[in-house]
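User: Hello! I am new to protein structures and would like to learn how to read one. Could you guide me through some features?

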Amino acid sequence: MVMSHAVIQKRPHEATVAPNLMDLDRLRSEWSWDAVRAELDLPDGLVNQAHECIDRHAAATPDKVAMIWEGSDGAIERYTFEEMRRQTNRFANVLKRIGIQKADRVFVFADRIPELYFAVFGTLKAGAISAPLFSAFGPEPVAERVRRAEGAMIVTTPHLLPKIDEIRGELPSVRHVMVIGHRAGATVDAANLDYAALMAEASDDFVTEPTGAEDWSIMHFTSGTTGLPKGAAHVHEAVVNHYATGKYALDLHPDDVYWCTADPGWVTGTSYGMFAPWSNGVTQVIYEGGFGAGRWFDIIERHRVTVWYTAPTAIRMLMKAGSGVPRERDLSSLRFTASVGEPLNPEGVVWGEEATGLPFHDNWWQTETGAIMIANYASMDIKPGSMGRPFPGITAGILDDEFNEVTEPMREGQLAIKTPWPSMFRTYWSDEERYRSRFKGEWYITGDRAKRDEDGYFWFVGRDDDVINTSGHLVGPFEVESALIEHPAVAEAGVIGKPDPIAMEIVKAFVSLKDGFEPSDQLRRELIGHTRQRLGPGVAPREIDFIPSLPKTRSGKIMRRLLKARELGLPEGDTSTLED
Ligand code: ATP
Ligand code: MG
């Protein structure tokens with residue numbers, strides 16, 4: 001474990017904006033999910049995520065801006081909660097008109113345009129299940145997911161439509177394809193439904209379907225980092241977690257301008273790019289385009305972003321672009337920054353402080369958990385490299401291989417979460433058996449390995465599948481990668497176990513370099529020397545390959561299984577989520 005960085009101390013009582021969570025232990029001891037429910041609306045005991053995120057605020061603060069949308073071309077549009085209410089009501093009316101029923105799966109396959117957001121919340125109001133997909137998927141990954149979920153409808157845009165046309169014949173469950181043409185100035189073919197025409201005819205009024213806590217709401221396929229993506233299905237009750245974690249883990253306050261960089265094609269882009277900010281009634285920025293260091297910092301400056309939630313892969317790219325880029329902007333609006341998706345290397349946390357004046361707060365969760373489970377909080381000291389401490393109301397444990405809890409500090413084991421919690425997934429769609437296999441007694445088994453220290457902080461070790469067994473030591477790839485990243489030449493590192501007749505496995509690293517550095521034997525020896533000194537010879541990589549970039553999922557996660565398959569000349573398995 002890399003613990004070379006000093007603890008970053010917090011003084012919450014001196015903060016200009018007092019954190020919502022001042023004392024984790026105290027909030028934990030007083031925690032009640034019912035008290036959280038009491039802060040939501042929940043009319044007649046019903047729960048609908050769209051109602052809690054949109055209509056509740058449209059009633060209280062109709063003119064408050066819910067969404068500041070920035071297009072790739074620089075266009076800026078603003079939508080108030082009232083406008084969101086009307087647009088989502090219209091979309092729900094359209095769904096009813098074309099015969100979409102409760103629990104039908106409505107896929108959205110679009111870039112981050114405002115209509116994507118109207119469609120998701122309109123679907124929820126109509127009681128159907130929303131299933132957003134990455135717009136960068138090719139036809140086959142789309143077909144595979146729609147088939148497995150027996151999707152009833154696909155909402156898309158003219159430039160993505162050719163991909164749907166290619167697979168439509170293979171998808172008998174799909175009754176409608178709807179095209180959002182107006183934004184691109186395109187006319188919609190009579191074979192498809194025309195979003196703009198139907199929306200124009202629809203009423204602004206709609207009575208939200210009376211969904212209960214356990215009614216289905218959204219389905220997300222996992223990132224496919226470890227294998228074939230699984231369709232994790234969630235229920236409306238999840239909004240209780242979204243609201244609470246938005247308030248206490250991301251520290252959202254009513255006046256915040258919040259920006260989550262994740263795409264709604266994966267769970268962070270909905271749980272934290274829709275439900276958490278809007279259930280808290282917060283204004284959020286949505287940027288249509290992809291990564292660009294200059295543009296990203298411009299967005300923070302232009303919209304006076306106060307809370308920013310991003311991912312380690314983006315942070316590593318920002319680091320690669322250098323601290324000059326943020327220094328040229330006015331980032332004084334920022335108050336809290338956080339990261340999720342992969343382990344955040346300590347270097348990344350510290351770089352945040354250097355570049356923006358704020359450390360990134362790492363937090364841990366997954367598609368299946370639906371919301372943040374372990375976090376670093378605004379008021380809590382950060383130990384760079386640690387994912388933080390369990391959220392109030394959540395019990396995380398370290399289990400041994402027989403699924404018994406280990407309580408001694410720093411023992412490595414399986415990371416598990418005690419069931420239930422509101423945003424827990426309720427099944428893997430059409431794979432109930434796999435779903436059940438993830439639970440042992442009262443625990444949900446996450447598939448990740450971790451340790452807990454004497455202060456209750458959790459430290460990520462690696463995916464169950466990625467942990468390396470070398471000469472009797474268990475080595476987590478993350479600590480080796482983090483040590484490599486400390487070296488000024490290294491931009492990214494991915495570490496695998498390579499089978500070895502004597503050691504069982506040896507540690508092998510794949511490294512991509514920052515601009516201005518060239519691969520060489522000398523650099524290789526230097527990196528091995530550096531990691532040996534940091535971690536000891538048993539853990540340091542024996543082999544290092546230089547590669548231009550690491551294979552990653554579309555949500556930005558290093559795909560170690562692919563590095564391994566390529567190294568061993570084995571089949572690559574599912575690569576549908578592989579980035580180009
Ligand atoms: P698949 O399940 O298809 O292999 P995936 O697990 O990458 O894909 P997600 O649900 O998107 O799909 O990602 C959740 C996983 O990401 C976690 O189980 C964990 O391995 C990793 N992760 C997320 N946040 C963190 C974090 N802060 N620190 C370490 N790992 C993290
Ligand atoms: Mg997973």
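Analyst: Happy to! A polar contact is a pair of N or O atoms within 3.5 Å. Keep in mind that this is a predicted model. Here a nitrogen atom of ligand 1 is 3.1 Å from a polar backbone atom of Gly341, so that pair falls within the 3.5 Å cut-off.

User: Which side chains have a polar atom lying 2.4 Å or 3.0 Å from an oxygen atom of ligand 1?

Analyst: Thr225 has a polar side-chain atom 2.4 Å from an oxygen atom of the ligand. For Lys230, the distance from a polar side-chain atom to a ligand oxygen is 3.0 Å. As for cover, ligand 1 on its own exposes 630 Å², and the protein buries 98% of that area.

User: How do I describe the shell around ligand 1, and which residues come nearest?

Analyst: A residue belongs there if one of its heavy atoms lies within 4 Å of the ligand. There are 22 residues around ligand 1, and those that come nearest are Thr222, Thr225, Thr226, Asn363 and Thr367. By type, the shell holds 7 nonpolar, 9 polar and 6 charged residues.

User: Which elements give two or more residues to that shell?

Analyst: They are β14 (360-364) and β22 (458-463). The most comes from β14, which gives 3 residues.

User: Let's move on to domains. Where are they, and how far apart do their C-alpha centres lie?

Analyst: Domain 1 covers 24-449, and domain 2 covers 468-568. Their C-alpha centres are 32 Å apart. To read an interface, look at both contacts and area. In this model, 22 residues of domain 1 contact 21 residues of domain 2. About 1900 Å² is buried between the two domains, with carbon and sulfur atoms giving 57% of it. On the domain 1 side, Thr225, Arg316 and Lys320 lose the most area to domain 2, together 28% of what that side buries.

User: What should I look for in the backbone?

Analyst: Start with the general rule: most peptide bonds are trans, and most residues other than glycine have a negative phi. Now for the departures. From Thr419 to Pro420 the peptide bond is cis, with omega near -10 degrees. Pro420 sits in the loop between β18 (413-418) and β19 (427-428).

User: And which residue has a positive phi although it is not a glycine?

Analyst: That is Asp44, with a phi of about 50 degrees. You will find Asp44 in the loop between α2 (33-39) and α3 (49-60).

Terms used. Residues numbered from 1 in each chain as written. Chains lettered and ligands numbered in written order. Predicted model: local features only at pLDDT ≥ 70, side-chain atom pairs only at ≥ 80, totals over all residues. Heavy atoms only, no water. Polar contact = N/O pair within 3.5 Å; in protein donor to acceptor, adjacent residues only side chain to side chain. Areas by Shrake-Rupley, 256 points an atom, 1.4 Å probe, with all protein chains shown as cover. Helix = DSSP H or I, 4+ residues; strand = E, 2+ residues; numbered from the N terminus. Nonpolar A, V, L, I, M, F, W, Y, C, P; charged D, E, K, R; others polar. Domains from an automatic or database assignment. Contact = heavy atoms within 4.5 Å. Buried area = accessible area lost by both parts, 1.4 Å probe.
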